[in-house]
Amino acid sequence: MSVPSSVSDPAYLRARAMETLFERLENLCEGAIAIDRNGRVVYVNEKYLAALGLKRTIEAIGRPIEEIIPNSLMRKVAETGEPILLDIMELGGEQLVVTRMPIEDERGTVIGAIGFVLYDQLDSLKPLLARVAQLESDLRLARRQLSNARAARFTFADFVGKTPAIAGAKELAGRAARQSVTVLLTGETGTGKEMLAQAIHNASSRADKPFVSVNVAAIPDTLIESEFFGTAPGAYTGADRKGREGKFRIADGGTLFLDEIGEMPLQLQAKLLRVLQEREIEPLGSDKISKVDVRVVAATNVDLRKRVSDGAFRADLYYRLNVLSIDLPPLRDCLDDLPEICARLLEDISASGDYVNAKITPSALAALSRYDWPGNVRELRNILERALILSDSGRLTGDDFARILPVGAETRLAAPARPTGIVVPYAEAEAEFEKHTLEQALAATNGQISEAAKMLRISRATFYKKLAKFGLASGPSSV
Ligand SMILES: Nc1ncnc2c1ncn2[C@@H]1O[C@H](COP(=O)(O)OP(=O)(O)O)[C@@H](O)[C@H]1O
Ligand SMILES: [Mg+2]
């Protein structure tokens with residue numbers, strides 16, 4: 001047979017190439033499937049059937065691709081005309097290396113898509129795949145945390161409370177707002193640290209510049225440096241090829257809120273200290289240093305001083321952050337503010353739901369003030385919200401809370417508990433009651449004798465005498 005003249009005909013060659021390639025690929029690969037532009041299966045090869053849980057090709061033909069391969073990206077390829085040349089796909093608990101390409105007609109219109117399973121023996125790649133999966137989940141977590149970093153919406157007016165500790169904190173924060181000093185906010189979780197940070201920003205001359213919030217504990221150690229300082233163009237291959245701005249750069253001119261600063265890795269603490277001192281940043285993989293103008297407000301609910309003595313936190317950074325520190329009191333220490341805080345929270349909750357006429361009664365306030373609030377105002381908010389959901393009238397009473405305050409949680413008992421049936425002499429009961437009252441007053445005032453005496457409307461001298469009588473310590477009760 002003579003060689004047809006068409007061997008040098010480009011169209012013929014192309015057609016042959018297509019066919020050869022297709023046959024080769026189909027033979028070499030572990031499976032092939034094709035859909036039309038409506039996402040319906042038009043072809044599946046024998047090899048692929050078992051992996052798809054099918055017996056005959058006819059079972060697949062005409063069905064939407066997703067019924068055969070849940071989460072398939074084939075339809076996307078047929079719709080966009082964009083190939084996905086290399087991907088890892090999960091099918092029935094197995095991971096497969098796949099490629100997907102659009103199918104075009106003579107005029108270049110996309111009329112479907114074809115996919116090949118290139119490789120299904122991934123055992124040798126397991127460590128690599130596990131690493132990819134880990135990085136993906138780290139990245140998802142970090143992205144979610146970063147997108148939560150919303151703009152500042154709270155002001156000092158939102159921060160309610162008149163008891164000395166809250167008023168003092170607010171006053172200090174007001175001073176801090178007028179300058180650009182670094183501020184350290186300390187206090188248990190839910191005491192309003194983030195809220196106060198936003199209020200400081202909004203009352204400062206930086207108010208119209210960004211407020212950027214970063215939860216240090218939420219960023220994986222491997223990403224934390226680039227999140228803070230950014231990466232230079234070309235420092236990494238892949239998605240970061242163009243370089244990335246760090247949080248310091250994004251917050252330029254404004255405020256950077258560093259939540260849970262105590263969780264910062266030591267190595268990064270040194271770099272943060274440098275930025276605070278020099279006001280300069282150096283993106284990863286870059287040798288260019290640039291100026292930034294950022295006010296840092298840091299927050300922690302752990303005892304940073306203890307972390308310093310444990311060697312987990314740099315002393316020099318601690319002093320740098322501690323220029324102006326503001327301690328937010330736990331809710332159990334400002335129960336006098338309970339009515340006002342509850343009123344504000346209820347207003348807020350009502351505005352975001354459809355509980356009109358939400359009211360709180362004195363019996364409810366009494367119940368709430370007997371609980372010790374380990375989660376502070378955040379927990380109070382949750383409890384109020386739960387009570388409203390369960391209440392028919394929106395008028396909250398002590399009984400409403402008896403049902404939902406955590407059981408077995410430490411509540412302050414009105415009087416010392418004694419098993420029923422046990423009766424003690426009157427004088428002994430009286431002494432117990434008296435001692436308990438003194439302890440309560442001390443706890444409420446954080447061990448401040450004059451304050452405690454004032455609360456009980458007795459003189460300081462009397463207070464001291466009674467302390468001695470019951471062998472109670474007279475120093476600050478907090479450790
Ligand atoms: N003094 C306060 N007045 C009104 N709302 C408060 C107060 N303190 C805290 N909150 C509310 O409590 C919740 C927790 O506050 P947040 O600032 O996130 O606490 P932290 O950062 O200390 O964990 C928020 O809904 C906040 O609005
Ligand atoms: Mg917080």
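1. Of the protein's 479 residues, 27% come out as buried (20 or more other C-beta atoms within 10 Å of the residue's own, with C-beta atoms placed from the backbone; 12 or fewer is exposed, in between is partly exposed). Bear in mind that this is a predicted model, where local features need pLDDT of at least 70, side-chain atom pairs count only at pLDDT 80 or more, and totals for chains, interfaces and linings use all residues. Residues are numbered from 1 along each chain as its sequence is written, while chains are lettered from A and ligands numbered from 1 in the order in which they are written.

2. The protein has 19 helices and 14 strands (DSSP runs numbered from the N terminus: H or I of at least four residues for helices, E of at least two for strands).

3. Now the ligand. Ligand 1 is surrounded by 17 residues, with G192, K193, E194, M195 and V377 the closest (the cut-off is a C-beta atom, placed from the backbone, within 6 Å). Helices α7 (193–202), α13 (338–352) and α15 (376–390) each give at least two residues to this shell. Because domain 2 (147–327) and domain 3 (332–404) both contribute to the shell, ligand 1 lies between them; the domain bounds come from an automatic or database assignment.

4. Worth a look too: α17 (residues 426–444). This helix has 19 residues and spans 27 Å from first C-alpha to last, close to the 27 Å expected at 1.5 Å a residue (1.5 Å times one less than the number of residues). L438, A441, L442 and A444 are buried in α17, and the buried residues of α17 pack against α18 (449–456) and α19 (460–470) (contact is C-beta atoms, placed from the backbone, within 7 Å).

Definitions and conventions
Two residues are in contact if their C-beta atoms, placed from the backbone, lie within 7 Å.
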